[in-house]
Amino acid sequence: MTLQNQRQGLYDPRFERDGCGIGAIVNMRGERTHTVVRQALMILQNLRHRGATGYDAETGDGAGIILQKPHDFLLEIAEGSGISLPAASDYAVGMVFLPTEESQQQTIWDTFQSQTERVGLEWLGTRVVPVDPSVLGEAASAVQPAVFQIFIGRGSARDELAFNRSLYLARRLSEKIIGAQIGGANESFHVASLSVSTIVYKGMLLPEQVSSYYVDLTDPRLTSALAAVHSRFSTNTFPAWRLAHPFRWLCHNGEINTIRGNVNWFRAREVSLANELFGEFAEELRPLIRADQSDSACLDDAVELLVLTGRSVDEALRLLVPEAWQKNSFLDQARRAHCEYNATLMEPWDGPAALCFTDGVKLGVALDRSGLRPCRYTVTTDDTVILASEAGVLQVPADRVKVWGKLRPGEMMLIDTKQHRIISDFDLKSEAAAKFDYVGWAERHITQLEPRDPQISAENILELSRQQAAFAYTREELSMVLASIAQSGDELVTSMGDDTPLAILSQRSRLLFDYLKQQFAQVTNPPIDPLREDMVMSLTMYLGTKGNLAAPPSSSALLVKIESPILTPGELDSLERIPALKTCKLSTLFSPATGVAGMRMALCELVDDAVKQVRCGAALVVLSDRGVDAAHAAIPSVLAVSAVHHELVKLGLRTRADIIIETGEARSPHHFACLIGYGAAAVVPYLALASIQGLFANGDLAATLTYDSAVKSFLKGSQKGLLKIMSKMGITTLQSYCGAQIFEALGLSPQLVDDFFPGTSSRLAGLTFDDLARETIGRHRQSFDRSRPSEELPLPGGFIHYRFGGEQHAWSPEAIAKLQQATATGSFAAYADFSKLANAEMAAPTALRHLLTPLKQRTKVDLAAVEPAAEIVKRFTTGAMSLGAISQESHEALAIAMNRIGGKSNTGEGGEDPARFQPESPTLSRNSAIKQVASGRFGVTVHYLTNADEIQIKIAQGAKPGEGGQLPGHKVDQQIAKLRHSTPGVQLISPPPHHDIYSIEDLAQLIFDLKSANPRARVSVKLVSEAGIGAVAVGVAKAGADKILVAGDNGGTGASPLSSIKHAGAPWEVGLAEVHQTLLVNRLRDRVVIETDGQLRTGRDVVIAAALGADEFGFSTAPLIVQGCIMMRKCHLNTCPVGIATQDPVLRKRFSGKPEHVINYFFFVAEEVRTWMADLGITSFADLVGRTDLIGQRRVEGPGKARHLDLSPLLHKPQLTPKFTKRSGGYAPDTYDDSLVQQCRPALDDRTPVVLSRRINNARRATGTLLSGEVARRYGADGLPDNSITLRFEGIAGQSFGAFLAPGITANLIGAANDYVGKGLSGGRIVIIPPKQAQFIDDVPVVIGNTTLYGATSGSIYAAGAAGERFAVRNSGAFAVVEGVGDHGCEYMTGGVVVVLGAVGRNFAAGMSGGVAYVLDTDGLFHLRLNPGLVETSRLSVAGDEADVALLRQMIHRHISHTQSARAQAIMTNWEWHVAKFVKISPKSDGASASKKSVRVKSTKRSVGHEVQSHV
Amino acid sequence: MSDPMGFLEIARQKTAYRPVNERVKDWDYVGPKTLPLEQNLQQAKRCMDCGVPFCQSDYGCPVHNVIPEWNSLVGSGRWEEALKKLHATNNFPEFTGFLCPAPCENACVLNRDNQPVTIREIELAIIERGFEAGLVKPQAPREERRERVAIVGSGPAGLAAAQELRRRGFQVRVFDKGQKPGGLLRYGIPDFKMAKYVIDRRIEQMQAEGVEFSLGMSVGTDVSINDLQRDFDAVLLAVGAEAARDLPIPGRDLAGVHLAMDYLTVQNRVLSGEITSAAINAAGKRVAVIGGGDTASDCIGTARRQGAAAIYEFSLLPKPGDERGRETPWPLVPLTLKVSHAHEEGCERLFGVMTTGFSGQDGKVSQLHAVQCETKDGQLIKKAGTEFSLDVDLVLLAIGFVGADAKIASVTPGLVQRPNGTLAGDVNGMTSLPGVFVAGDARRGASLIVWAIAEGRRAADSIERYLHR
């Protein structure tokens, strides 16, 4: 349609993501009125801030509405078009987007009509839908379709289901034919809805444009009893009309992470499904789910098909998006069995989701299992239900409110306009579970595989060391990696990133796994914490032939349930012995003598055999590479698995059988993830187990271990690692992960990917099948070369530590020594030697940039004319390394150096001592210009924020994208604990996600919050390079960020599990180029600065990065090397011998770095940049940015694999692109908040107390934050005296109410608030009271949304109602009283006091390492809702716990005085009786998380009783 | 497993030599009679298992010993496995264990604070314990190959190549002009630094493995390289860099002025019984040793044991400092003052002194004439008016070597000797004569034993590739 919409360079529209707001309104009595429509449109407008616009402010990302089919209205207007409609149930209405060209329209109508009649329906006619194009923005206008309504009569269809199936047929057949008839039909022909009962009006519109564009919607004759609306936030500025929601059945807020797998699995099922449903048309229809559309559209397709099987829409969604049932102890047997039955039919469509759906009679809403999108609802006294992503989207007079509620994770709610009732989650699911004897079914058809003692399977592998070598084991891997996991049950943790080459650049033979990089969630959806939120995670798989979606529960074959996909040989043996499960075993070996052709032939035969076996009834295909010897080599396991999997999918056979791979290759979580991600249901790592046996026999494992326990540790560690890999993509169940292909290929040819890994993104061409075969065979030959003694095998390795003769490291001893020599002695000549080494001029390339080269120009400029180094160094930053990760000496030396040269240092995720905020002298400032805001929010106070030049939101970091960090207890000394508001000696956990960023609209909100706190700072967002980062960057730019930092995968100074360091993310070169190009194509490049980092070391690196699009440059490892780091990779052990990555006072004394050395380094780099600039004919650095024409790909000599790489996509320069000129900044403070500041002048200027009263609504966000910034700027961390500013609000507050509220401010709200109340609370007080007039029928109304007090450091909150999920998450000092909380309460809490006077949700206190909580255990089942990992509990007694009881009593008293809560008063009137019902939750006193080595840190557990005196 | 805190909890401890007054009375090893294994085990725990082990890099160990790996094994008492790892990269760890100046310890990360791991001593402990425990046994070749290789020279380079090639199945014969194999190792190194049995037991092992020795054969005189080329499939010249640097100043030809190596060789041959008395003997004499290196120290120690009346050491360069200079930051090798055990045993050290001549009576040296000098702009300049003379009876010139003995090149057409005295070879160490390789000091000039071993191992690889081309 437009040039921009096509793939070019690294820009690929298929990576588009979206987020949004949803809302709905239902008249429960089923009364159809126009008011419902009008109110729904009002809701839509009030969700505007959750949507977005692109470069064209008048074009929205999409908005729309779904209604009941307005029969009366249609009857009248159809008559006007000469169509006479039959009774309401006898016709369907469709909304259709057509090309504007009339001849094309005619063709389409002809086809549509003939297909309609072909399936036995009656074509009644079409109507032009009246629209007002003048409201459209330029971009929307350019692609505006013609909008028609079509009317189709029931014809020969007997019943509703048959009618619906025929409508589906008519539509799908037309789509397919029209798609072939006119090019680009997918874009210009779209059936937005075609239904007997509903109709959809939508488009590329802003929320307020919907009603003005579609004239029908303002027609009072148009009525409905229910309506759902949607406002979209796309990560693309070229959203399409058809991608607007609602779809035909649902609208979706969130993202399906497993979409690729889900679509493939649907393909595997569609043969049987289509045959069952559509008989003769089956072949014509496929594929049933189009892959070239958004995840939400795919989900809608799936719902539609399930509805056509006879399921209700809610049933369909429960099957597709099930709750987390496996570990829920509150479910009864029938419901569990129902869930399990569904699980055997369909893997979950996994990801954040708030889904609103309707069939025209019932309207429902459902949340994903983790509850990652919000949904609040109000029920009024006149039986209207309003539900939306936010509370307050429709103003309801307080006296008409009956219920304020919210949906919980995994819950579904249905409003039935026929039954005139709300069907609760419990009723809905219990009723469904009772429809069939699922318990009996499960007993008959599911059997559990019993784990078998590993000892039994201990075996003798012939020529172990040669087999190990053939599978590319190394000695380092055996002694470090395998031994570590076998001993500790945890994957090896190491630090300082990865400085070895990509597999495609390596001179060594690498496994195919190494070419596949794990993808991870960033911004548009959150990663999950698999440890703390284990309750939603599952590794369970069901092996065998799966049931048919279209058929009722059958007496189909047996399914075997396994709790983990990693099986021992003994367990495989057990499986193979199950008679009801027909198993076939196929060898993946081939004769290496037959060479490349032989491997190809063997693979083809393998695939054919597998197909044959499945056709003959095999339910389990075991692929095995056992028996490798001199005459037998193994096909790379993931190649074999993927080839077989995809062929079975293609032939519709995949659900008939599962694939198990028995391989010597697999031994790390990454390997298991690859194999399962490409279709294996289970893996048998026989050689890994044999290798453990070998280690054991050699005495390489601790003497205390047995072989048995070592194997168990290995299995446990591998499972944990696998969960981590899934969860970093936000995927919770292995069933969904299986076949989901969450990988990016780096260095494989397009042909190889298309043939064997179809659908995997691969941006740079590399190895062909033949190259891969040669690499495999070559390694095999060397391993079985008899002239090499087997004792020399396997090879030494050097993939982690530098080893002579092992893998290359960019930080070789020579590079380290040269750089230290250069910067310590101030010798540019020595730096030049370093630079030569580092730029790989003397050695093989280790990074993509080494394959790129600046192209010296004929028109050189004089070096003297080039911008001076003193200017260039201002573009340099140092990386986000927290004080805590590195020592104070190192941290401050970096800050001093960067301040002196005008660059920027970064606090990292650890807060900063306020003493550093003010410069000591004009040349000495220890203040970090960049203040980081990461998921742990350590030390993020309003004072901290106001002292930043730049606030950096760290979404991900190169060493471990998608994972949270951990600061081990032994690094948390007094000072660190003070800055982070935590307890010395206790480990600190950063959650994997920001709990206030689960989506792009959340990020926009956080940016808004931070800019409110400090409007002068620019806000940057740190992302890690991966396929699709460009789309994310566009979203980030649209969300209002000033700068985007693209981090490479291999930098990272922090500690991280090995498989994250090595296998997650992509190099910055690719990510940077993709971001730059995608922003250009989307015309947003002018709005943001781009920075890149990840092992930048030399001026040449800077020049290449600038040419690829970077304005600024981050350095971390190199400055540490300059400070004396010698890449010990011991950062996580606190034993850094050079005093950098340690808090040990003895070791810190060894620190020898000087700011001058760092300054020397940056000037050397800048000088090198200048010489390149002179050669390139560039005088001003700004002119270098984006000049891909000034660099080219270098030919690499020698036998390496690098010559296969094609880097031309990096050098693509989009055409028709604006030159970036302006920096928009973009932030305008909310005038509402601005006026608060103005009216509080007396308090701000001279502390005169101010009291203000205001009305408030949900569009008013971050209320009080701007004001708090002003307080902090004037009065520092201490703020104003208590009660200096009292703000009284009435209404429903928007998100982030009271965020970063400063001391001295009280925000009083009568009404309710949305998500993120008291985020980063910094000393202020928040009081929330539901309106007295309300007629609540529940005793505890929901008055607060999700994620309250996230990262709060001090202050208090009192709420006379319940809050949502993750109350007080990562609270480190605030005091709170609330009357109920949702799931995950007090998660990661490190300080403060929380009192809950009502029910709590599940997983309370997960990861809580500090502070204390008191919960009123109303039903005596609190222990089932507790996550006991880090905490201990005790019942309070008046006699025994005086300090606790006094504190609790005091807080409840305060609660009453602030809120007049009736509930609290009732508790106080019967105090003694209630006290005994309180459970105290506090961190385990044995300091389970504190390390034994932390003797140097004295634990100072703070007295809670003392502290309350000082709180306000 | 290495202990990450070991270096903080365990202090560096070197093994003490025997007391001076005891050790100067004999020719035995200066160190203790038995090695302190427990101490070495503890010391091994100081190894940090660095992410970048500089000790095994080119800054550290030329044979790239896997130092962290065997330190870790020693630290947990697994001596036998440590020995395997050690032998995997170094054929003769006892030679380096006794004699190596240990660049690995200079490059050790802990040497940033002058407290490196005692790597050399641990190495010695591993191998000596191995010998004691009978773990060092002959290793038969995995398969026999018919190709024959002649190795000229039985210093560490020649021996390392011989052992490697033999173990790979080649038929190896070692030629040496000496009565016993070992070259300078045997004839140049005094017993108090390393006893001769250390060499003998290795030779026994090699003989048992099938290496043949032709001793007392001077290649170039008794047999020509052409002969070897004819009788063997490959030839390795590991003839060392025995041409000593001389000091052509007035009085050089007086009796009592000797090259250090002549002096040391004589004493070694006396001790081994090859000859009965030392023609050059320091007993009762005033001895001047000119030169400040290891050879000079060997002369000092020898002279002390022979009963010299006084010993002077003359170094041309000014006295170096005790601290690492700013211009040679770690891991570069700094120029600092070294005090050898011979120095400890007593001698007067003079720095910044240039010897200008000798004078004597009856053709015998009796005085040494010298002047003090200083360095200016990298040039050595005599300080006017600082001339002095010293009464001496014996002068030993220990001022280095200038390459391979020139004779072998002169009698071998086509063998190229470079201006610096080394024999020219290509990247694989092959000379311009087909199948004739060169390794060790002969190729790279006088250097460390560990370099010689590294050279010998690389030559073995080259020769194997050559024979299997």
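This is a predicted model: local features need pLDDT of at least 70, side-chain atom pairs count only at pLDDT 80 or more; totals for chains, interfaces and linings use all residues.
**Exercise 1. How chain B meets chain A**

Find how many residue pairs are in polar contact between chain B and chain A, then describe the side of chain B that touches chain A.

*Solution.* 
Step 1. Start with the polar contacts: between chain B and chain A there are 12 residue pairs of this kind, both residues at pLDDT 80 or more.

Step 2. Next, look at which helices take part. In chain B, α1 (6–9), α4 (67–75) and α5 (79–89) each supply at least two residues of the side that touches chain A. The most comes from α1(B), with three residues.

Step 3. Now sort that side by class. The side of chain B that touches chain A has 17 nonpolar, 14 charged and four polar residues.

Step 4. Widen the view to the whole contact, which takes 36 residues from chain A and 35 residues from chain B. The two chains bury about 3,000 Å² between them, and 57% of it is on carbon and sulfur atoms.

**Exercise 2. A salt bridge between the chains**

Work out how many salt bridges there are between chain B and chain A, and which residue of chain A forms one with Arg78(B).

*Solution.* 
Step 1. The count between chain B and chain A is four salt bridges.

Step 2. Go to Arg78(B) in the structure above. Its partner in a salt bridge is Asp700(A), with the closest N and O atoms 2.5 Å apart. The cut-off for a salt bridge is 4 Å, so the pair of Asp700(A) and Arg78(B), at 2.5 Å, qualifies.

**Exercise 3. Two domains inside chain B**

List the domains of chain B, then describe the interface of domain 1 and domain 3 of chain B.

*Solution.* 
Step 1. Chain B is divided into domain 1 (6–15 + 31–132), domain 2 (148–242 + 403–467) and domain 3 (257–397).

Step 2. Take domain 1 and domain 3 of chain B: their C-alpha centres lie 31 Å apart. In the contact, eight residues of domain 1 of chain B meet six residues of domain 3 of chain B.

Step 3. Turn to the area. These two domains of chain B bury about 630 Å² between them, with 61% of it on carbon and sulfur atoms. On the domain 1 side, Tyr59(B), Asn106(B) and Arg112(B) lose the most area to domain 3, together 63% of what that side buries.

Step 4. Finish with the polar side of the story. Between domain 1 and domain 3 of chain B there are zero salt bridges, but six residue pairs are in polar contact, both residues at pLDDT 80 or more. By class, the domain 1 side that touches domain 3 of chain B has five nonpolar, two polar and one charged residues.

**Exercise 4. An aromatic pair in chain A**

Decide whether the pair of Phe876(A) and Phe1162(A) is stacked, tilted or edge-to-face.

*Solution.* 
Step 1. The whole structure has 43 aromatic pairs over all chains. In this one, the ring centres of Phe876(A) and Phe1162(A) are 5.6 Å apart and the planes make 40 degrees.

Step 2. Stacked needs under 30 degrees and edge-to-face over 60, so at 40 degrees the pair of Phe876(A) and Phe1162(A) is tilted.

Step 3. Locate the partners: Phe876(A) sits in strand β31 (residues 876–880) and Phe1162(A) in helix α39 (residues 1155–1176) of chain A, 286 residues apart, so the pair links distant parts of the chain.

Methods
Residues are numbered from 1 along each chain as its sequence is written. Chains are lettered from A and ligands numbered from 1 in the order in which they are written. Side-chain values use heavy atoms; hydrogens and water are left out. Domain bounds come from an automatic or database domain assignment. Contact means heavy atoms within 4.5 Å. Buried area is the accessible area (1.4 Å probe) that two parts lose on being put together, summed over both. A salt bridge is a side-chain nitrogen of Lys or Arg within 4 Å of a carboxyl oxygen of Asp or Glu. A polar contact is a pair of N or O atoms within 3.5 Å; within protein, one must be able to donate a hydrogen and the other to accept it, and residues adjacent in sequence count only if both atoms are side-chain atoms. Ala, Val, Leu, Ile, Met, Phe, Trp, Tyr, Cys and Pro count as nonpolar, Asp, Glu, Lys and Arg as charged, and the others, Gly among them, as polar. Helices (H or I, at least four residues) and strands (E, at least two) are DSSP runs, numbered from the N terminus. Rings of Phe, Tyr and Trp (its six-membered ring) pair if their centres lie within 6.5 Å; planes under 30 degrees apart count as stacked, over 60 as edge-to-face and the rest as tilted.
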